[in-house]
Amino acid sequence: MISIQTEDFDCAAEYAALRDSGAGTGAIATFTGLVRDSGDKQDVSGLFLEHYPGMTEQVIAGLIEEASQRWDVRKARVIHRIGRLQLQEQIVFVGVCSAHRGDAFAACEFIMDALKTSAPFWKKELSEAGEHWVEQKASDVARGEAWGK
Amino acid sequence: MTDQTLTVRFFARLREELGTEELTLPADKDQTAGDLLAALASRGGPWAQLQGNQPVMIAINQAMAKPGAPVKAGDEVAFFPPVTGG
């Protein structure tokens with residue numbers, strides 16, 4: 001299930017929903033991304049997140065599908081927030097249920113890495129000095145490409 | 001369908017710097033996304049950056065596409081900077 005939303009999410013509730021994925025699930029891996037105080041620049045006070053409605057959901061659905069073909073994925077959950085976010089707020093959640101930990105870790109990390117370089121979201125960093133659109137990082141592209149096909 | 005136009009959308013930095021979210025343009029025959037980008041860049045001013053040093057990503061009907069991909073009437077073509085979510 002995929003949610004793109006302005007409102008915050010509850011990791012405990014999401015984890016509980018992931019646990020309810022059948023007796024075959026032996027492992028759950030989750031990742032949560034937060035707004036931190038330094039990105040392209042220092043003293044970041046918050047973020048503004050824009051997305052391409054429709055395409056975003058399609059791209060993430062494709063990533064979950066790809067993960068399901070490569071690893072044992074019994075259930076997957078992706079939440080990404082948009083709009084204005086303050087320091088330390090939650091931005092993104094990825095949770096994957098698998099039979100074993102290796103698949104859960106890999107599928108969770110793959111979905112997150114691929115989301116960063118292929119899902120149409122854009123971050124703008126806000127600070128007292130002004131605001132600027134974040135540049136894509138070569139290290140993120142490299143992480144995405146490292147998963148290959 | 002008698003509508004011979006296509007929709008062009010811009011996001012993030014491009015949307016702001018072009019001061020444009022969406023355009024409706026006539027759909028030319030045998031046109032590619034790259035042709036469309038070149039035509040828009042020729043408007044000059046901030047539009048020139050569409051063929052500048054910074055990469056511009058292309059989506060056609062909400063799927064990533066290359067500059068050589070054909071565009072036709074009814075299509076939704078989007079141009080945007082490299083994505084930075086997560």
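How many residues does the contact take from chain A and from chain B? The contact takes 22 residues from chain A and 13 residues from chain B, where two residues are in contact if their C-beta atoms, placed from the backbone, lie within 7 Å.

## Basis of the description

This is a predicted model, in which local features need pLDDT of at least 70 and side-chain atom pairs count only at pLDDT 80 or more, while totals for chains, interfaces and linings use all residues. Residues are numbered from 1 along each chain as its sequence is written, and chains are lettered from A and ligands numbered from 1 in the order in which they are written.

## The two chains

Chain A has four helices and eight strands, with helices (H or I, at least four residues) and strands (E, at least two) taken as DSSP runs and numbered from the N terminus. Along the sequence, these elements of chain A follow the pattern β-α-β-β-α-β-β-β-α-β-β-α. The C-alpha trace of chain A spans about 50 × 35 × 25 Å along its principal axes. For 149 residues, a compact globule would have a radius of gyration near 15 Å, and the 16 Å of chain A agrees with this; the radius is taken over C-alpha atoms, and the globule rule is 2.2 Å times the number of residues to the power 0.38.

Chain B has two helices and seven strands, and its pattern along the sequence is β-α-β-β-α-β-β-β-β. The radius of gyration of chain B is 12 Å, close to the 12 Å that the globule rule gives for 86 residues, so chain B is as compact as a globular protein of that length. Along its principal axes, the C-alpha trace of chain B spans about 35 × 30 × 20 Å.

## The side of chain A that touches chain B

The elements of chain A that give two or more residues to the side touching chain B are strand E3 (44-51), helix H2 (55-70), helix H3 (101-118) and strand E7 (121-127). Of these, H3(A) gives the most, with five residues. By class, the residues on this side of chain A divide into 12 nonpolar, seven polar and three charged, where Ala, Val, Leu, Ile, Met, Phe, Trp, Tyr, Cys and Pro count as nonpolar, Asp, Glu, Lys and Arg as charged, and the others, Gly among them, as polar.

## Strands of chain A

Four strands of chain A form an open sheet in the order E1-E4-E6-E2, with mixed pairing; two strands pair if DSSP finds at least two bridges between them. Strand E1 (2-5) and strand E2 (27-34) of chain A stand at the edges, each with a single partner strand, so one side of each is left without a neighbour in the sheet. The twist averages 5° from one strand to the next. Within this sheet, strand E4 (residues 75-81) and strand E6 (residues 90-98) of chain A run antiparallel and are joined by six bridges, and His80(A) has Val92(A) in E6(A) as its bridge partner.

Elsewhere in chain A, seven bridges join E3(A) to E7(A), which run antiparallel, and Val44(A) stands opposite Ser127(A) in E7(A). E7(A) is also joined by four bridges to strand E8 (residues 130-133) of chain A, again antiparallel. E7(A) and E8(A) form a hairpin with two residues between them, and Lys124(A) stands opposite Trp133(A) in E8(A).

## Helices of chain A

Helix H1 (residues 11-19) of chain A lies across E2, E4 and E6 of chain A, running at about 20° to E6(A), whereas H2(A) lies across E1 and E4 of chain A, running at about 150° to E1(A). Axes here are lines fitted to C-alpha atoms, for helices over the stretch in contact, and angles run from 0 to 180 degrees between N-to-C directions.

H2(A) and H3(A) pack at an angle of about 150°, with their axes 10 Å apart. These two helices, H2(A) and H3(A), are therefore roughly antiparallel to each other, since angles under 35 degrees count as roughly parallel, over 145 as roughly antiparallel, 65 to 115 as roughly perpendicular and the rest as oblique. Val59(A), Ile60(A), Leu63(A), Ile64(A) and Ala67(A) are the residues of H2(A) in this contact, and those of H3(A) include Phe110(A), Ile111(A) and Leu115(A). By class, the contact of H2(A) with H3(A) has 10 nonpolar, one polar and no charged residues.

The axes of H3(A) and helix H4 (residues 138-146) of chain A come within 8 Å and cross at roughly 125°, and H3(A) and H4(A) are therefore oblique to each other. Asp113(A), Ala114(A), Lys116(A) and Thr117(A) in H3(A) meet Asp140(A), Val141(A), Arg143(A) and Gly144(A) in H4(A). The residues of this contact of H3(A) with H4(A) divide into two nonpolar, two polar and four charged.
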